[in-house]
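Dear colleague,

My notes on what was found follow it.

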Amino acid sequence: MIVTKLEELHQLPEYKEALVELLFQLADDDFIIAYRGSEWLGLAPHIEEDVAFSSITQDTMGHAAMYYQLLEDIGMGRADDLAHGRGANERRNAILLEEVNGPGHYLYEPQYDWAFAVVRNYFYTQAKKVRIDSLKNCSYEPLAQVAVKVNMELYYHLMHWRTWFVQLVNAGGEARERMRKAVEKVFDDFAGVLSLGEKGEKMVECGLIDSEEVLKARWLQAVKPVFEQTNLELPSEFHMKRGNGRNGEHTADLIEALATLSEVYRMDPLAIW
Amino acid sequence: MAIVTSFERLSEEDKYQRFMERIEAGEKIEADDWMPDEYRMTLIKLIAMHGISEIMGALPEKEWVPKAPTLRRKLGIMAKVQDEMGHGQLLLRVAEDLMAPLGKTREEIMQDLFSGNLKFHNVFHMPAPTWGDAGLIGWLVDGAAIITQTNMLDASYGPYARALKRICAEEVFHAQHGESIILALAEGTKEQKEMLQGALNRWWDALLMFFGPDSPSTTGTSKQDITIKYRIRTKTNEQLRQDFFTKYVPRILSIGLQLPDETMHYDETEGKWIYRQPDWNQFKEIIRNNGPKSKERLRLRELSYRHNAWVREALSGSKATV
């Protein structure tokens with residue numbers, strides 16, 4: 001079954017419910033990781049990286065905007081309201097992506113952890129790539145079309161983060177030690193990135209996306225050569241130590257992030273900005 | 001080869017003479033060409049300051065990137081600040097080539113910034129407490145930058161002139177991005193209008209100072225005579241400030257804003273804008289890193305530099321300077 005028109009969609013309530021859930025996961029993931037990326041602005045290890053990282057962040061925010069737009073088209077509300085106006089318990093992003101970049105505030109005394117940034121972004125981008133490849137065959141055609149667009153930019157994002165990952169791990173010494181710790185930390189929550197949440201099975205049944213197991217296997221297969229090249233141990237199981245963001249479970253980091261990113265919006269949500 | 005050898009044999013005065021003839025004929029000087037020390041040092045200072053200002057200039061806007069009120073504005077301001085960083089990088093590359101014969105690198109530029117030897121533009125020492133400030137920076141600070149940079153598009157130093165061409169093209173987009181934010185606020189609610197007027201009031205003096213003092217007597221130093229002599233720029237600071245008024249005063253008034261200077265008017269007989277001078281003593285303090293946000297923003301830059309030392313070390317394979 002392929003759904004191309006909104007009229008068809010509105011006649012399939014269960015299908016629509018699973019689709020909306022998936023779109024919120026996709027949108028909220030990219031939105032919050034792009035927010036964390038924007039906090040890094042001006043603080044990256046060198047100016048060239050500041051330029052590259054902010055370009056990736058901008059692309060990622062653009063992807064979030066495309067998913068929110070699909071939700072708006074379906075009738076879920078204005079894209080800007082969906083991005084800025086929803087509370088933490090309504091968000092569907094993985095907990096790993098909402099975590100702060102490190103101690104401090106983005107304007108005062110930031111002590112951001114570049115190792116965490118590299119590992120989180122590399123692992124997430126690889127997971128996103130696996131997901132996007134699957135979504136190219138999505139039964140909801142407008143989403144399949146968005147997946148094709150996102151995929152074009154993803155190639156460079158993935159190459160960027162993989163290069164950093166290999167370089168820093170293989171540099172040995174302090175860099176390797178910091179990276180190893182970051183890998184451990186990211187794996188503690190990484191199962192949340194690969195999760196499709198409570199409605200996951202329904203999404204698979206509707207032909208929206210491949211199953212969690214298939215996506216996870218593809219992710220492992222993609223990173224395996226990189227782990228071998230860097231002589232790191234690749235676990236077969238990951239964790240969700242702080243809960244599953246797909247089901248609305250979140251941390252104080254998200255609440256604080258939402259307050260910041262919607263500060264101006266909330267002054268007057270009805271105004272034109 | 002013969003030509004090179006004969007140039008090498010010339011006395012310093014003759015080399016200088018040839019150099020001046022070249023630039024006066026409108027020829028471009030390239031990185032490997034002979035140039036007087038004064039020219040090289042003036043360019044290094046000017047271009048390093050310009051490059052670092054682009055990078056420090058990202059910091060007041062950085063505050064508003066995560067907070068931009070809509071998805072479209074978030075994307076717009078992200079693109080804009082990324083461009084500024086890109087300009088910084090482009091300019092630092094130009095400065096690095098000029099510094100190479102002196103055995104200096106980007107490392108020295110960063111150290112000079114932290115020690116206060118290298119100044120950054122007065123506007124980037126100022127606070128940007130509201131979204132209105134974010135729009136105003138894009139509209140008028142970038143608008144002012146377009147005016148000063150257009151003045152150097154035909155600079156005698158080829159690599160700088162070429163970098164400026166690209167930068168100016170992008171700055172035009174920035175000014176449009178800023179103007180779009182400003183227009184939304186100007187046509188918006190009472191609170192939005194007040195936010196905008198507040199931002200203009202806050203930035204007015206800094207905008208006037210942006211073009212530099214009228215003459216060295218105002219602040220004790222000004223490089224404008226040297227840069228004009230070497231054909232790096234054509235107009236004086238005051239001419240540029242007047243150009244800014246001519247372009248922007250009518251626009252400011254047309255969107256319903258009030259000028260924060262009630263004495264401001266155009267004198268038809270003199271053919272120039274009459275305005276209240278900003279406090280040039282405050283200007284001196286600001287560029288000595290004693291502006292309202294100087295320390296805080298330098299601290300951000302320094303902290304990230306220090307905190308990422310391990311990354312530079314890992315990339316270079318040797319102990320990085322902290």
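What radius of gyration would a compact globule with 322 residues have, and what does chain B have? Please keep in mind as you read on that this is a predicted model. For 322 residues, a compact globule would have a radius of gyration near 20 Å, and the 21 Å of chain B agrees with this. Taken along the principal axes, the box that the C-alpha atoms of chain B fill is roughly 70 × 60 × 35 Å. In terms of secondary structure, chain B has 14 helices and 2 strands, and 41% of its 322 residues are buried. Among the contacts in chain B with a separation of 6 or more, 73% are between residues 24 or more positions apart.

Chain B is divided into domain 1, covering 1-34, and domain 2, covering 36-316, and the C-alpha centres of these two domains lie 34 Å apart. Where they touch, domain 1 of chain B gives 7 residues and domain 2 of chain B gives 10 residues; the side belonging to domain 1 has 5 nonpolar and 2 charged residues, with no polar ones.

The two chains also meet, in a contact that takes 44 residues from chain A and 40 residues from chain B. Several helices of chain A each supply at least two residues of the side that touches chain B, including H2 (13-39), H7 (141-170) and H8 (173-194), while H3(A) gives the most, with 12 residues. By class, that side of chain A holds 25 nonpolar, 10 polar and 9 charged residues.

With best wishes

How values were computed. Residues numbered from 1 in each chain as written. Chains lettered and ligands numbered in written order. Predicted model: local features only at pLDDT ≥ 70, side-chain atom pairs only at ≥ 80, totals over all residues. Helix = DSSP H or I, 4+ residues; strand = E, 2+ residues; numbered from the N terminus. Nonpolar A, V, L, I, M, F, W, Y, C, P; charged D, E, K, R; others polar. Rg over C-alpha atoms; globule rule 2.2 N^0.38 Å. Buried ≥ 20, exposed ≤ 12 C-beta atoms within 10 Å, placed from the backbone. Domains from an automatic or database assignment.
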